[in-house]
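The sequence and coordinates should be kept open alongside the text.

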Amino acid sequence: MPATLAELAARFGCELHGNGNSIVDGVGTLANAGARALTFLANPQYRTQLKQTRAAAVVLEQRFQADCPVAALVSANPYATYASIARFLHPARAPEPGIHPTAVVSGDATVAATAQIGAHVFIGPGSAIADAVVIEPGTIIAANVTIGAATRICARVAVMDHSRIGERCVVHPGAVIGSAGFGYAREESGWLAVPQLGRAVIGNDVDIGANTTIDRGTIDDTVIESGVKIDNLVQIAHNVRIGAHTAIAAMSGVAGSTTIGQRCMIGGAVVMVGHISICDDVMVTFHSTVLRSITESGTYSSGIDADKAARWRRNAARLRRLDDQLKRK
Amino acid sequence: MPATLAELAARFGCELHGNGNSIVDGVGTLANAGARALTFLANPQYRTQLKQTRAAAVVLEQRFQADCPVAALVSANPYATYASIARFLHPARAPEPGIHPTAVVSGDATVAATAQIGAHVFIGPGSAIADAVVIEPGTIIAANVTIGAATRICARVAVMDHSRIGERCVVHPGAVIGSAGFGYAREESGWLAVPQLGRAVIGNDVDIGANTTIDRGTIDDTVIESGVKIDNLVQIAHNVRIGAHTAIAAMSGVAGSTTIGQRCMIGGAVVMVGHISICDDVMVTFHSTVLRSITESGTYSSGIDADKAARWRRNAARLRRLDDQLKRK
Amino acid sequence: MPATLAELAARFGCELHGNGNSIVDGVGTLANAGARALTFLANPQYRTQLKQTRAAAVVLEQRFQADCPVAALVSANPYATYASIARFLHPARAPEPGIHPTAVVSGDATVAATAQIGAHVFIGPGSAIADAVVIEPGTIIAANVTIGAATRICARVAVMDHSRIGERCVVHPGAVIGSAGFGYAREESGWLAVPQLGRAVIGNDVDIGANTTIDRGTIDDTVIESGVKIDNLVQIAHNVRIGAHTAIAAMSGVAGSTTIGQRCMIGGAVVMVGHISICDDVMVTFHSTVLRSITESGTYSSGIDADKAARWRRNAARLRRLDDQLKRK
């Protein structure tokens, strides 16, 4: 959907520097954008690429405007402005209502007339699919599930019994929502499975990454509040609660019954033990381990950067007897 | 399935304190259980919730009985007793025998008359599905697989060629069993794949979590012994052997040809290198790394709790030159 | 496919010690191979098993030949020679051309006559499947995807819009290729999704493990060059580029916009932050964290071996105040 720079500046509240009649019809990177593409500068790490750009225009902060060799759309939050414009130039496909002939919809499930149900989808008894939902091919919706309006469930997802997913969510391929969690009681003869009877309850505007797993609760529910964003290959165990607008990057995991507050940012490969509580506005950096509750907002870390192996071996050997060595001194 | 407290006490061997005619028809948490729900106290961390409970009855140890404001079922192992009662009150659905018309069963596969085969399931040539097996929608059973009696294979699982799964197992959605492992020989021109010819052999009463992967052996088999419980997003590489009744929590991984003993408890996000051996009755705590064989039972750790980022940066910088610093002193 | 030792020695360029007329028809391990099986000695750790072997013949280096109690095929690279012979004795199944009647192929997709399309496969509009491709049951190929000749896409894979996969690749079950990456701009009201418009572009001879996820690029492409081998449960984020012949073991992850060079060996459970660059010929050992660019080839580590829990607790407590303690001394 092409637009002039003047239109974009007006619609998205930017100050325009340059020819308002220039037309853009797509986006590009600073390095590779062509003459009809819009680009942006948000991460100052890429600032050196600004001078060489051949884009139609750059969305950037005021402080970088003087260095911009092409038209500029000045914004206080250039990344968000870029995202808004990119969504305008590349609108999401509208649902194509209808149920594919190979889909299996159980007799007492309900599917809105405006929903799109793909090939080889299965929808179990008692489930309800709201307006403008898209369910891509190969997805399984088990029994008594509800999917809210305008949510997209991508290919090959499994949403298990009794799960509730809100409106305008996106569930990426391969995710598993609402399967039974890992609960066993120890007996003399081995492990006895504890029935997993709660639900997975997902709010509105939640995104869930590819091959991520979210277990149903044991008795009460596992709860993902509205606006939460979860990346790929993340594990959310039973009875976890994640507060609104928290973001969790890939390969992170939250063990059972842990509670995370609102607006937290959990870096990639962060793991948290069970039965702890993280307050609002906590950031945890890449590949950290959280073993205790966090009660004060701020940034937390325990990742160790890789070093040359020979030196690391010596340091790690010292670490293994650190207490002894420091005691002796 | 409702029951009186007297019936439950008799059936599950508990000492009853309170009115044996009270009826329970479900379970709840200490905090949320209603007047017809059973609850339990196992983790002493939740002891403070006991006094406020409004449950019909609480399963607990003798030492907590005096603090219980409602009826009590006293047990030496309250979590296992609770699990048994919850299974009695909420029995698993029985299989509904039959093959869904959209399932594809290869001509020379065999499916027991009492098995339930869901929509869009594929069963490959030479595979055998025993009595009372449930295979949920979208699951792929490849060629020459055997699935033992009363096993449940959940939605969207892939069980690859030659795998053997025992009786009364549960395989959760998205798991992949028996795919080819990561074996390559280095040549001048790159990597040459080594044929993966062994099987994945799973015992009885094994549970396998959502999106977990278990590779087939390279030549001999990958073996998961009976009673093993494996959580979500776990990787079990080729030629691994896991001893009976070992439990492995989510996001853990075991590299190729490693052997784990019986009754081990592997905490979440624990990773073990290949070609090592872990003896029986080892516990490894959350997010530890195992780089050497363990020959003595006990508890092992190497996880580092996250700290305030500014302090951690200083400590991590010291760790990077620890050997030099301690040498100099 | 049986062969004599003389044939194998001639075909694979080995020096034969022993009876050239002996026939082998399969492979085995040093410990378990029977009288018609070939085995190998590559990892010297297994050297002690050589003397007891009852195999037909052992592929090994010259230096071990004197210790071999049975026939020997001497090779400078015994593991690669073994792999070549095993591939010869156990050839991969040829594709069985045709489209299963339950597969759904969109009207404007193209499928080569020599391709094999399994049950319940979906192929979206504009996609092109080349000669001798095998697509196993339950796999979803979305819109405008291309799959190169002789590639095998295993069961229950999802290849999302606009992905390009080269020739002779293997994509293992449950993998997700080309789904949208984790890109959000922060706004006052929460997170705004940034459109993910680039592609996932996979070279030739690439293997991708079970339940691994590879995101499409944000604007430019995510690129996996030819000859790369990726194990199970690996996360490759948007805009990552991985150089030719690099191998990445299971449970590793590469965050967004990071570049990895050629011929790197990334051990299991290694995680790398985003926006960094790793040069050619880098090895990173098991469960290390990479937080900065690496500009010099060599081996890098930060994994910490688990220790007895009581001792580790004391050492970890010292680590938490390491900077203070070393300052004071």
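This is a predicted model: local features need pLDDT of at least 70, side-chain atom pairs count only at pLDDT 80 or more; totals for chains, interfaces and linings use all residues.

1. In chain A, the C-alpha centres of domain 1 and domain 2 are 37 Å apart. The domain assignment places domain 1 at residues 3-89 and domain 2 at residues 157-300 of chain A.

2. The secondary structure of chain A consists of 4 helices and 40 strands. Chain A has 329 residues, of which 58% count as buried. Where contacts in chain A join residues at least 6 apart in sequence, 19% of them link residues at least 24 apart.

3. How is chain C related to chain A? Chain C is superposed on chain A by a rotation of 120° with 0.0 Å of shift along the axis, at an RMSD of 0.0 Å. The two copies are therefore related as by a three-fold rotation axis. The copies use different surfaces, in that 18% of the contact residues of chain C recur in chain A.

4. Which strand of chain B pairs with S39(A)? The partner is strand S40 (residues 307-308) of chain B, and the two pair in the antiparallel sense over 2 bridges. Within this pairing, Ser301(A) stands opposite Asp307(B) in S40(B). In general, strands of a sheet pair through backbone hydrogen bonds, either parallel or antiparallel.

5. Parallel pairing is found within chain B. Strand S18 (residues 158-159) of chain B runs parallel to strand S21 (residues 176-179) of chain B, and 2 bridges join them. Val159(B) stands opposite Ile177(B) in S21(B). S21(B) is also joined by 3 bridges to strand S26 (residues 213-215) of chain B, again in parallel. In S26(B), Thr213(B) stands opposite Val176(B).

6. Chain C contains an open sheet of 5 strands in the order S2-S7-S6-S5-S4, with mixed pairing. Its edge strands are S2 (15-17) and S4 (26-27) of chain C, each pairing on one side only. Strands S6 (residues 57-60) and S7 (residues 71-74) of chain C run parallel and are joined by 4 bridges. Val58(C) stands opposite Ala72(C) in S7(C).

7. Which helices of chain C pack on this sheet? Helix H1 (residues 5-12) of chain C does so, touching S2, S6 and S7 of chain C, and its direction makes about 10° with that of S7(C). Helix H2 (residues 78-89) of chain C also packs on the sheet, touching S4, S5 (37-40), S6 and S7 of chain C. The direction of H2 of chain C makes about 135° with that of S6(C).

Key
Residues are numbered from 1 along each chain as its sequence is written. Chains are lettered from A and ligands numbered from 1 in the order in which they are written. Domain bounds come from an automatic or database domain assignment. A residue is buried if 20 or more other C-beta atoms lie within 10 Å of its own, exposed if 12 or fewer, and partly exposed in between; C-beta atoms are placed from the backbone. Two residues are in contact if their C-beta atoms, placed from the backbone, lie within 7 Å. Copies are superposed by least squares on the C-alpha atoms of residues with pLDDT of at least 70 in both. Two strands pair if DSSP finds at least two bridges between them. Axes are lines fitted to C-alpha atoms, for helices over the stretch in contact, and angles run from 0 to 180 degrees between N-to-C directions.
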